[in-house]
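Dear colleague,

Please find below the structure that I am handing over to you, together with its sequence. My findings follow it.

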Amino acid sequence: MKKPLLFLGADHAGFELKEKLKADLLHQGYEIYDLSPRFKKDDDYPIHAKKVALAVSKTPGSMGVLACGSGVGVSIAANRVKGARAFDAHDEKETKLAREHNDANVIALSGWKLSEKEALALVKTFLKTKASGAERHRRRVGQLG
């Protein structure tokens, strides 16, 4: 199975976590585009989230990984982009269901709460889980616009 192209982004509060994840994902052989490669002390999370969401929405088969302090802000901002389906990940079950039922294509992570190990486990689940082919799930995702 071909690995998806990944777009990464983070604000100042998620930057360290994003950098650790990037190193792990590169080591696993993923092709990565880091859309926030430099730390900026007082940057704004909506800018980074929009960049990643736009890239994912314009690149079929790609996926996004975002991080901010809580994970909530980047998730909200990413979901304002048509074609992006972001969620704030808390545990592996929720992550699996977000992929299966909602065909989520952007995972949002908390740089304040998640360790590198916890975040990597969520990202691995996100990347390995397929969207459900069930008609009800496809229908509902279609209603999202």
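A residue is called buried when its relative accessible area is under 20%, exposed when that area is over 50%, and partly exposed in between. D103 has a relative accessibility of 27%, and therefore counts as partly exposed. Please keep in mind that this is a predicted model.

The model contains an open sheet of 5 strands, arranged in the order 2-1-3-5-4, with parallel pairing. Strand 2 (32-34) and strand 4 (86-88) are the edge strands, each of them pairing on one side only. From one strand to the next, the twist averages 20°. As background, the strands of a sheet pair through backbone hydrogen bonds, either parallel or antiparallel.

Strand 1 (residues 6-10) and strand 3 (residues 63-68) run parallel and are joined by 5 bridges; within this pairing, L8 has V65 of strand 3 as its bridge partner. Two helices can be described next. Helix 2 (residues 45-58) packs on the sheet and touches strand 1, strand 3 and strand 5 (106-110), its direction making about 175° with that of strand 3. Helix 5 (residues 116-128) also packs on the sheet, where it touches strand 1, strand 3, strand 4 and strand 5, and its direction makes about 170° with that of strand 5.

Strand 5

How many residues of strand 5 are buried? The number is 5 of the 5, so the strand is largely enclosed by the rest of the structure. In a regular strand, side chains alternate between the two faces of the sheet. Here, V106, A108 and S110 point one way from strand 5, while I107 and L109 point the other way, and all are buried.

Strand 5 is joined to strand 3 by 5 bridges, and the two run parallel; S110 in strand 5 is the bridge partner of C68. Strand 4 is joined to strand 5 by 3 bridges, again in parallel, and F87 stands opposite I107 of strand 5.

The loop residue D103

D103 is found in the loop between helix 4 (92-102) and strand 5. Most residues other than glycine have a negative phi. D103, although not a glycine, has a positive phi of about 50°. D103 also forms a salt bridge with R85, in which the closest N and O atoms are 3.2 Å apart. Because R85 lies in the loop between helix 3 (72-78) and strand 4, this pair ties together parts that are 18 residues apart in sequence.

Other salt bridges

The structure holds 9 salt bridges. Side chains of opposite charge can pair when their charged atoms come close. One of these salt bridges brings together the side chains of K22 and D34, at 2.8 Å from N to O. This pair links distant parts of the chain, with K22 in helix 1 (residues 15-27) and D34 in strand 2, 12 residues apart. K22 is buried, with a relative accessible area of 16%, and D34 is buried with a relative accessible area of 16%.

A further salt bridge joins E100 to K96, the closest N and O atoms being 2.5 Å apart. Both residues lie in helix 4, 4 residues apart, about one turn of the helix. E100 is partly exposed at 21% relative accessibility, and K96 is partly exposed with a relative accessible area of 38%.

Yours sincerely,
A colleague

Methods: Residues numbered from 1 in each chain as written. Predicted model: local features only at pLDDT ≥ 70, side-chain atom pairs only at ≥ 80, totals over all residues. Heavy atoms only, no water. Pairing = 2+ DSSP bridges. Axes fitted to C-alpha atoms, helices over the stretch in contact; angles between N-to-C directions. Contact = heavy atoms within 4.5 Å. Buried < 20%, exposed > 50% of the residue type's maximum accessible area, 1.4 Å probe, protein only. Salt bridge = Lys/Arg side-chain N within 4 Å of Asp/Glu carboxyl O.
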